Amino acid sequence: MREALMAWFVFINLIAYLVMSDDKRRARERRERIPERTLFLLAAIGGALGILIAMYKKRHKTRHGSFVFGIPLLLFLNAALYTYFLR
């Protein structure tokens with residue numbers, strides 16, 4: 001189970017990073033955006049680290065209070081759950 005959980009961690013965070021990066025690209029091109037609900041869902045199911053890294057690396061959604069406070073909170077929750085299941 002440990003290997004599967006680690007594979008999930010890498011996979012979901014990579015996907016979250018790529019989706020957040022794609023949303024930034026779409027914003028610059030003034031195209032249809034990825035719903036914030038989707039970004040929060042990715043963070044909630046384990047991809048908060050990927051979202052947080054993309055937020056600051058791409059400078060995207062850093063002025064939205066819901067992201068500035070919500071994503072670190074979900075990261076803390078993710079860390080607690082990963083720690084619990086990796087015991």
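## The loop between α2 and α3

Lys 61 sits in the loop between α2 and α3. The model is a predicted one. In it, Lys 61 has a phi near 70°, a positive value in a residue other than glycine. Most residues other than glycine have a negative phi. Lys 61 has a relative accessible area of 9%, so it counts as buried.

## The loop between α1 and α2

Arg 30 belongs to the loop between α1 and α2. Its phi is positive too, near 55°, and Arg 30 is not a glycine. Is Arg 30 buried or exposed? Its relative accessibility is 79%, so Arg 30 counts as exposed.

## How α1 meets α2

Helix α1 covers residues 2-28, and helix α2 covers residues 36-57. The two helices pack with their axes 7 Å apart, at an angle of about 60°. That angle makes α1 oblique to α2. The crossing of α1 past α2 is right-handed.

## Salt bridges

Side chains of opposite charge can pair when their charged atoms come close. How many salt bridges does a search of the whole structure find? The search finds six.

One of them joins Arg 25 to Asp 22, with the closest N and O atoms 2.3 Å apart. Both residues lie in helix α1, three residues apart, so about one helical turn separates them. Arg 25 is partly exposed, at 32% relative accessibility. Asp 22 is buried, with a relative accessible area of 18%.

Arg 33 and Asp 23 also meet through their side chains, in a salt bridge of 3.0 Å from N to O. This pair links distant parts of the chain, 10 residues apart. Arg 33 is in the loop between α1 and α2, while Asp 23 is in helix α1.

Arg 25 has another partner. Its side chain meets that of Glu 29 in a salt bridge, at 3.2 Å from N to O. Glu 29 counts as partly exposed, with 43% relative accessibility.

## A nonpolar surface patch

The surface also carries a nonpolar patch. Met 1, Leu 77, Leu 81, Tyr 84 and Phe 85 form it. Together they have about 570 Å² of accessible area.

Leu 81 is placed in helix α3, which spans residues 65-86. Its relative accessibility is 42%, so Leu 81 counts as partly exposed.

Note on methods
Residues are numbered from 1 along each chain as its sequence is written. This is a predicted model: local features need pLDDT of at least 70, side-chain atom pairs count only at pLDDT 80 or more; totals for chains, interfaces and linings use all residues. Side-chain values use heavy atoms; hydrogens and water are left out. Patches are made of residues with over 30% relative accessible area and no salt bridge: like charges are joined within 9 Å, nonpolar side chains (Val, Leu, Ile, Met, Phe, Trp, Tyr) within 5 Å. Accessible areas come from the Shrake-Rupley method with a 1.4 Å probe; for residues, only the protein chains shown count as cover. A salt bridge is a side-chain nitrogen of Lys or Arg within 4 Å of a carboxyl oxygen of Asp or Glu. Helices (H or I, at least four residues) and strands (E, at least two) are DSSP runs, numbered from the N terminus. Buried means under 20% relative accessible area, exposed over 50%, partly exposed in between (1.4 Å probe, protein chains only). Axes are lines fitted to C-alpha atoms, for helices over the stretch in contact, and angles run from 0 to 180 degrees between N-to-C directions. Angles under 35 degrees count as roughly parallel, over 145 as roughly antiparallel, 65 to 115 as roughly perpendicular and the rest as oblique. A crossing is left-handed if the near helix is turned anticlockwise from the far one by less than a right angle, and right-handed if clockwise.
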